[in-house]
Amino acid sequence: MSTEVTSRQPEAVREAFEQEFGRFARFRGEGRAVALSELRLADAEAALRELAELRTRHAGKKSALANLKKQIGRVAPEERAAFGQRVQQTEAEIAASLDEAEAALRSHAARARVELERLDVTLPGRRPRRGHLHPITLVRRRLEDIFVSMGYAVEDGPEIETDFYNFTALNIPPDHPACSVQDTFYTTEGFALRSQTSTVQIHAMQRRKPPLRVIAPGRVFRRDTPDATHNPMFFQLEGLLVDRNVTMAHLKGTVTEFLSRMFGAGTRTRFRPSYFPFTEPSAEFDFSCFKCGGTGRLAGEPCRLCKGGGWIELGGSGMVHPNVLRAVGIDPEEFSGFAFGFGIDRMCALLYSLDDIRLLFENDVRFLEQFN
Ligand code: DAH
């Protein structure tokens, strides 16, 4: 082997290595920290894989360097020691470059991994925003709880009705003003949007045989112009009890009991004669104002809630009309019953001191959030 060729070979091997190693050179020496700081974990991992390939190619068993080592024995004896030394030095330099870059990349990747998985347990948690119930739903649930505890079942009925359920079966004659389009919404097919939950009385009595006790909370619709106390859609709760020997005293006892559970133990009730087609006799009921305790005065002033009268008007009631019982095939000689109905939104407005019930239907979260 010629001296010239062998003498240049270690240089050539190192140059070839350095050319490829060039892009990893920034990960060793002084500038290392800056170069690494810009390297994301995935990039560091990719660089480590490339570096491993580089090591195989330039320092592995089939590398030019390995070849060079095999040639040491074939070099002329007088040059062998010097040549061997240069090969060794080349090998050491290549290994040092590879090792240094690899070590730097490895420790950077390890730190980046920890950083990525770090969890600061002292940070306040990110709570999911929880929804809450609408104030009308809150009141409806309270009412349901009270009546269920008194043995009533909660009934549901359609919001779109035929005239039979909305009027006829409830003993409302066809010429009654409530039937007119001025009060009731009609669909183009002539169905009525129910204008009262009393319709559910009929469904309930068709579904169940007496004795029965049901309440029916639900939406009703009337052609009203919205104002502070009216909305074309609102909520009512209907109550119906049918049994043998039911009297007006049962009605008064039931209504008084439920109102004292709702507004406090001292609550009194008052029944005023009235007229509803589906009850006979009929009565509207009031309860003693829960703000002023029924005295009509609060801190020397007239009570603002009951306007100084001491009573709050709530709903209608009465003994179920025999015609209503007959409409569903119940013998009025054998059974009698009482019924009552009132507005849930109105009760909601009273309980939460709302001066405009339209607030309940505007779906403004700033308002609704107050009823958590
Ligand atoms: N349905 C009546 C209304 O909307 C309220 C009512 C009155 C319901 C008397 C009844 C009742 O069950 O017996 O004004």
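Let's start at the ligand. Around it sit Gln 196, Ser 198, Glu 238, Phe 276, Thr 279, Gly 315, Gly 316, Ser 317, Gly 318, Ala 339, Phe 340 and Gly 341. Strand 10 gives the most, with four residues. Helices and strands are DSSP runs numbered from the N terminus, helices being H or I with at least four residues and strands E with at least two.

By class, the shell has three nonpolar, eight polar and one charged residue. Nonpolar covers Ala, Val, Leu, Ile, Met, Phe, Trp, Tyr, Cys and Pro; charged covers Asp, Glu, Lys and Arg; the others, Gly among them, are polar.

A word on the model. It is predicted, so local features need pLDDT of at least 70 and side-chain atom pairs count only at pLDDT 80 or more, while totals for chains, interfaces and linings use all residues. Residue numbers run from 1 along each chain as its sequence is written.

Now the layout. The domain assignment gives domain 1 (3-117) and domain 2 (135-371). Those bounds come from an automatic or database assignment. Taken over C-alpha atoms, the two domain centres are 89 Å apart.

Next, helix packing. Take helix 3 (residues 41-59) and helix 5 (residues 77-117). Their axes come within 9 Å and cross at roughly 160 degrees. Axes are lines fitted to C-alpha atoms, for helices over the stretch in contact, and angles run from 0 to 180 degrees between N-to-C directions. Helix 3 and helix 5 are therefore roughly antiparallel. The cut-offs: under 35 degrees is roughly parallel, over 145 roughly antiparallel, 65 to 115 roughly perpendicular, and the rest oblique.

The crossing of helix 3 and helix 5 is left-handed. That means the near helix is turned anticlockwise from the far one by less than a right angle; clockwise would be right-handed. On the helix 3 side, the contact includes Leu 48, Leu 51 and Leu 54. On the helix 5 side, it includes Leu 98, Leu 105 and Leu 116. Contact requires C-beta atoms, placed from the backbone, within 7 Å. The residues here divide into 15 nonpolar, two polar and five charged.

Helix 4 (residues 64-71) also packs on helix 5, at about 155 degrees, with the axes 10 Å apart. So helix 4 is roughly antiparallel to helix 5. This crossing is left-handed. Leu 65, Leu 68 and Lys 69 of helix 4 meet Val 87, Thr 90, Glu 91 and Ile 94 of helix 5. That contact has four nonpolar, one polar and two charged residues.

What about helix 6 (residues 135-149) and helix 11 (residues 344-351)? Their axes come within 9 Å and cross at roughly 100 degrees. They are therefore roughly perpendicular. Pro 135, Ile 136, Val 139 and Arg 140 in helix 6 meet Ile 344, Asp 345, Met 347, Cys 348 and Leu 351 in helix 11. The tally is seven nonpolar, no polar and two charged.

Last, some backbone details. The peptide bond from Pro 210 to Pro 211 is cis, with omega near 5 degrees. Pro 211 lies in the loop between helix 8 (199-207) and strand 4 (212-221). The bond from Glu 280 to Pro 281 is cis, with omega near -5 degrees. Pro 281 belongs to strand 7 (residues 279-288). Lys 307 is not a glycine, yet has a positive phi of about 55 degrees.

Note on methods
A residue is near a molecule or strand if its C-beta atom, placed from the backbone, lies within 6 Å of it. Two residues are in contact if their C-beta atoms, placed from the backbone, lie within 7 Å.
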